[in-house]
Amino acid sequence: MVVFAAETITDPANRTHAKVHELFFVFRGRGMIYAIGNDSKRKKATPAGVGTCPHCSSVMVPKCGDINIWHWAHKSTKGCDAWRESETDWHRQWKSIVPSERAEVTISNFGQRHRADIITSKGVVVELQHSAISTADIAEREAFYGDMIWVFDISDCLQKRWIGNYGGVDYFDNRFQLHNKGNYYTFRWKHPRKHIAYTTKPTFLDFGDINIFRLRRMYPDAPCGGWGNLLRRYKFIERLKAA
Ligand SMILES: [Zn+2]
């Protein structure tokens, strides 16, 4: 199991960020990190493990290869929770930072059941979103979960990244640029994930390196831009654990 080693990086213009990215976000797969074992307890996947899905109770099979984080996959390809997209190691990294009872938690509301990615000790749902989502689905999830935050994986929008100051641009990429304005950052985003502009709950963009962007305002029409704050991944994780 790989941990969020990015927490230990303190050099602001660190030259290892490309490596960090490589470590954490290139691996893709499907599945969940926890299943219910014969002893009715949540457990991580092991090569000979046997388990069922905590949400839909169907049979899970362990996936313990060399590339992806060890995880469980539904034996039947029939979906479990329609809201759940194909899981990636990006999801599993995030879910691994909280205790097992706070990841992949089924929540019942309004006669529906959905599996939250993470729920904090104070009951805040953390919705991890890797792929595109419609504005209708955003509104539906916000209504269902109530107290929640969004974390969007936008690491694929920053493929040529440099951290540092380049002619006034602090975070440069051919698709995404951040400009340091002192206590906040403005951004320009070419080919933006427009749907992200329609969230109403606290929204964070995961660049896939040492920083997380707290999105305050996003204007989806071209030229897309907005503003927000940059915070260190380890700080965000500290807050998440304490929340
Ligand atoms: Zn299931």
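In the pairing of β7 (112-119) with β8 (125-129), I119 stands opposite V125 of β8. These two strands are antiparallel and share two bridges; strands count as paired if DSSP finds at least two bridges between them. Strands here are DSSP runs of type E with at least two residues, and helices are runs of H or I with at least four, both numbered from the N terminus. The hairpin of β7 and β8 has five residues between the strands, and G123 there takes a positive phi near 90°.

The structure is a predicted model, in which local features need pLDDT of at least 70 and side-chain atom pairs count only at pLDDT 80 or more, while totals for chains, interfaces and linings use all residues. Residues are numbered from 1 along each chain as its sequence is written.

**Strands and hairpins**

The protein contains four helices and 16 strands.

| Strand pair | Bridges | Facing residues |
|---|---|---|
| β3 and β4 | two bridges | T52 and V59 |
| β4 and β5 | four bridges | V61 and A73 |
| β6 and β7 | six bridges | A103 and I118 |

Six residues lie between β3 and β4 in their hairpin, and S57 in the turn has a positive phi of about 65°. The hairpin of β6 and β7 has two residues between its strands, with F110 at a positive phi near 50°. Strand β4 (residues 59-63) has two faces: M60 and P62 are on the covered one, whereas V59, V61 and K63 are on the uncovered one.

Strand β5 (residues 71-74) includes H71. Is H71 buried or exposed? A residue is buried if 20 or more other C-beta atoms lie within 10 Å of its own, exposed if 12 or fewer, and partly exposed in between, with C-beta atoms placed from the backbone. H71 is buried, because 24 other C-beta atoms lie within 10 Å. From C-alpha to C-alpha, H71 and E87 are 10.0 Å apart in space, and they are 16 residues apart in sequence.

**Helix α3**

In helix α3 (residues 135-145), the buried residues are I138, R141 and Y145. They cover an arc of only 70° around the axis, so they lie on the same side of α3; the arc is that of the directions from the helix axis to the C-beta atoms. The face turned away from this buried side carries the exposed residues A136 and A143. Among the elements that cover the buried residues of α3 are β6 (103-109), β7, β8 and β9. After α3 comes G146, with a positive phi near 70°.

**The nonpolar core**

Buried residues make up 33% of the 243 residues in the protein. A nonpolar core is a set of buried Ala, Val, Leu, Ile, Met, Phe, Trp, Tyr and Cys residues joined through C-beta atoms within 7 Å. The largest such core has 39 residues, and those with the most contacts inside it include I118, V125 and F152. Elements that each supply at least two residues of this core include α2 (89-95), β7, β8 and β9 (148-153). The largest share, five residues, comes from β9. Domain 1 (5-28 + 88-242) and domain 2 (29-84) both give residues to this core, so it lies between them; the domain bounds come from an automatic or database domain assignment.

Two residues are in contact if their C-beta atoms, placed from the backbone, lie within 7 Å. Leaving aside residues up to four places away in sequence, F152 touches Q129, R193, I196, L205 and D206. Among contacts in the protein between residues at least 6 apart in sequence, 49% join residues at least 24 apart.
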